[in-house]
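Please read this note beside the sequence and the model.

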Amino acid sequence: MIGQPQAWQPLREELDLLAGPVLADGQPSWTLHDPVRNLFFQLDWASFEVLRRWHMADAQAIARDVGGHTTLHVSAADVEVLQQFLQGNELLQPPLHGASALDAQWQRRRAGWSQWLLHNYLFFRVPLLRPDRWLTRWAPRLDFLFRPGFWWLTLAALLWGLWGVARSWEVFRATLVDMWSLQGLLAYGVTLLGVKCLHEVGHGITAKRYGCKVPAMGVAFLVLWPVAYTDTNEVWKLTRRDQRLKVAAAGITTELLIAVWALLAWLWLPEGWPKSSAFLLATTTWVSTVLINASPFMRFDGYFLLSDYLQLPNLHSRAFALARWDLRERLFALGEAPPEHFGPTRQRLLIVFAWVTWIYRLVLFLGIAALVYHFFIKAVGILLFGVEILWFIAKPLWSELKAWHERGAQIARSRRARRSALVLLGLLALLVVPWPVPVHSSGMLQATAQWQLHAPEAAQLVQKPLDEGSLVTADTHLFALASPVLQAAALSNQARLQQVVQQSAAAGMDGELRRDWQVWQDRQAEALAQQAALDADAARYQVQAGGSGMLRDVDPDLQAGAWLARRELLGRVVDTQRLEVVAYVEEQALHRIRPGDSGLFITEGSGSKTLALRVRSIDQDASRSLNEGALAAPAGGNVPVRSQQEILYPEQPVYRVVLDVVPGEALPAWAGQHRWRGRVSIRGAWEAPSAQFVRSAASVFWREAGF
């Protein structure tokens with residue numbers, strides 16, 4: 001929409017108009033340079049023809065003259081749009097009596113500075129050096145880096161380095177593992193700092209080679225995360241696209257060159273810190289330039305490379321505008337013309353690129369905020385997180401909703417809009433309507449009751465035990481054991497008891513002995529008590545089943561006469577008729593299950609068997625350790641653990657749940673004979689997906705609010 005006509009203002013006299021490269025559609029371009037702010041603006045043919053006639057000071061006259069002397073069709077509205085663009089970017093002279101307008105503009109700028117942290121904390125720069133003078137001196141001396149001979153020599157160094165690594169692969173791999181230590185990470189940080197400085201020098205040297213000024217180098221802060229930068233805005237003066245591409249790629253190329261020569265140096269340097277530094281340069285530091293600098297989703301080297309390669313200046317803003325238009329057309333079918341016309345393939349790619357960029361930035365900035373929260377200042381991390389939610393989610397949504405409001409009448413008449421509204425209501429319903437989603441976990445199937453049989457001390461097997469798998473009852477004697485020490489003690493006590501009995505009988509006929517009759521009675525009672533204790537000890541050597549079930553885990557090498565260690569496991573009696581499953585449920589799903597809920601157990605491996613379950617009990621407190629090691633994630637289970645002194649500790653709160661196999665369930669032949677791992681599915685309470693998200697978010701908030 002064009003606003004009210006504004007007073008005509010001439011262009012600023014200090015502006016430079018430079019010839020630019022040929023655009024992708026074949027038309028010429030020009031670059032408008034603002035030397036005061038060192039900003040560059042690319043103009044197409046139509047804009048250039050309008051600026052040539054700017055002295056005419058009338059939009060209608062300019063449009064008629066352009067149409068009369070060129071093949072272009074320019075309207076007065078197009079001229080007014082360009083006027084607004086020039087005025088918005090302060091490229092026009094202020095009016096002679098425009099104090100009020102300048103004051104209003106100054107007030108707007110002051111208000112912007114008062115909100116600087118909110119609107120510009122995502123990315124701001126701090127210049128540290130003015131390198132143009134010393135780059136001018138050094139650029140000619142480094143001219144050999146751009147000659148073909150150097151590149152052929154670098155290729156040979158790369159092949160030599162790869163051949164050397166192949167021969168010393170075990171040493172190379174061991175060194176890489178050793179670098180993951182505190183000392184190695186510190187060395188990596190120092191090396192990375194030096195490489196990034198050389199990265200920026202590469203940009204500066206290449207820009208100077210093509211005659212561009214490099215006014216500043218410094219540190220840019222990406223969500224308070226420092227990254228080096230070099231001001232190479234003057235590359236917009238270059239009319240050859242290949243030169244601009246070389247300047248944009250110079251930093252990445254510098255790091256890759258360092259990696260190649262460092263790899264060769266690692267093969268020849270002696271052990272020590274130079275060899276370690278060369279290893280870092282050759283293996284790890286250049287990865288950051290591929291992952292960060294080469295990414296086209298931020299305004300780093302990769303973005304400018306892609307922008308110049310596609311010949312699409314302001315690639316992000318143009319792709320974003322196209323993606324917003326595409327979204328409106330898909331939702332409402334308004335029939336609006338796209339902001340720019342591209343071929344079908346390029347248009348689809350730009351739309352996908354815009355969505356990927358939005359998602360990438362959101363994930364990246366939230367990740368940096370999380371790092372700041374966990375490793376630096378928690379209050380700052382929470383502030384960054386909140387601002388990023390407002391900036392990347394709330395603000396774009398609000399802007400788009402305002403655009404929809406402006407098109408309210410068109411949207412109300414659109415059948416596609418009504419269809420989209422129904423789809424949106426359906427999606428919202430899917431979020432708020434409870435779903436019958438079961439609670440999944442891994443579980444261990446085992447006998448509900450089992451009795452372990454242990455040997456007492458100083459035991460010898462009297463006869464061969466029952467065979468493995470024998471069915472026994474609770475009073476079945478399974479192992480007949482003997483103890484020579486116990487037998488000797490029993491014989492000694494029997495002899496003593498016999499002597500005491502004889503002495504007590506003789507006391508009744510001998511008057512002199514009758515006086516000690518009470519003593520002999522006490523000694524007889526003591527011997528009888530000792531005999532009872534020995535009989536009780538002897539009973540422990542007749543090992544009974546303890547319950548009805550199947551005899552398992554009997555050592556097949558046990559023979560009569562074998563000696564057994566103290567507390568040696570002789571076997572187990574397993575109740576094969578009553579089975580249970582032990583599982584561990586995460587905290588966020590615990591509220592959905594109750595004792596009595598039904599479930600299923602599916603065994604692992606081929607020939608899987610399904611058993612019906614019912615929840616018997618749920619622990620009230622989170623498990624501090626994991627007794628069922630087979631349910632740990634490293635063993636194939638689903639419980640993440642850390643091991644300390646051979647004890648498994650869950651990494652997150654989990655609760656022990658015991659489920660009974662439903663009585664009457666047809667049990668497989670192997671049931672109860674061994675412990676079997678499988679998957680557990682519990683039919684818990686229904687829950688809406690949105691409720692789960694809100695509960696998880698609230699849990700994280702309350703957990704982290706105590707910083």
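1. R616 has a relative accessible area of 37% and is therefore partly exposed, where buried means under 20% relative accessible area, exposed over 50% and partly exposed in between, with a 1.4 Å probe and protein chains only. Its salt-bridge partner is E580, with the closest N and O atoms 2.5 Å apart; a salt bridge here is a side-chain nitrogen of Lys or Arg within 4 Å of a carboxyl oxygen of Asp or Glu. E580 counts as buried because its relative accessibility is 8%. The pair links distant parts of the chain, since E580 lies in strand β16 (residues 579-586) and R616 in strand β18 (residues 610-618), 36 residues apart. Helices (H or I, at least four residues) and strands (E, at least two) are DSSP runs, numbered from the N terminus.

2. This is a predicted model, in which local features need pLDDT of at least 70 and side-chain atom pairs count only at pLDDT 80 or more, while totals for chains, interfaces and linings use all residues. Residues are numbered from 1 along each chain as its sequence is written, and side-chain values use heavy atoms, with hydrogens and water left out.

3. The structure holds 20 salt bridges. In one of them, the side chains of E255 and K196 meet at 2.9 Å, N to O; E255 belongs to helix α10 (residues 241-268) and K196 to helix α9 (residues 182-209), so the pair ties together parts that are 59 residues apart in sequence. Both E255 and K196 are buried.

4. R592 is found in the loop between α22 (587-590) and β17 (598-603). Leaving aside neighbours within four places in sequence, its contacts (heavy atoms within 4.5 Å) include V437, D597 and E687.

5. Which residues make the contact between α1 and α3? On the α1 side they are S47, V50 and L51, and on the α3 side V79, L82 and L86. A46 also lies in helix α1, and, leaving aside its neighbours within four places in sequence, A46 is in contact with L72 and V74.

6. For the protein as a whole, there are 23 helices and 22 strands, and of its 707 residues 36% count as buried.
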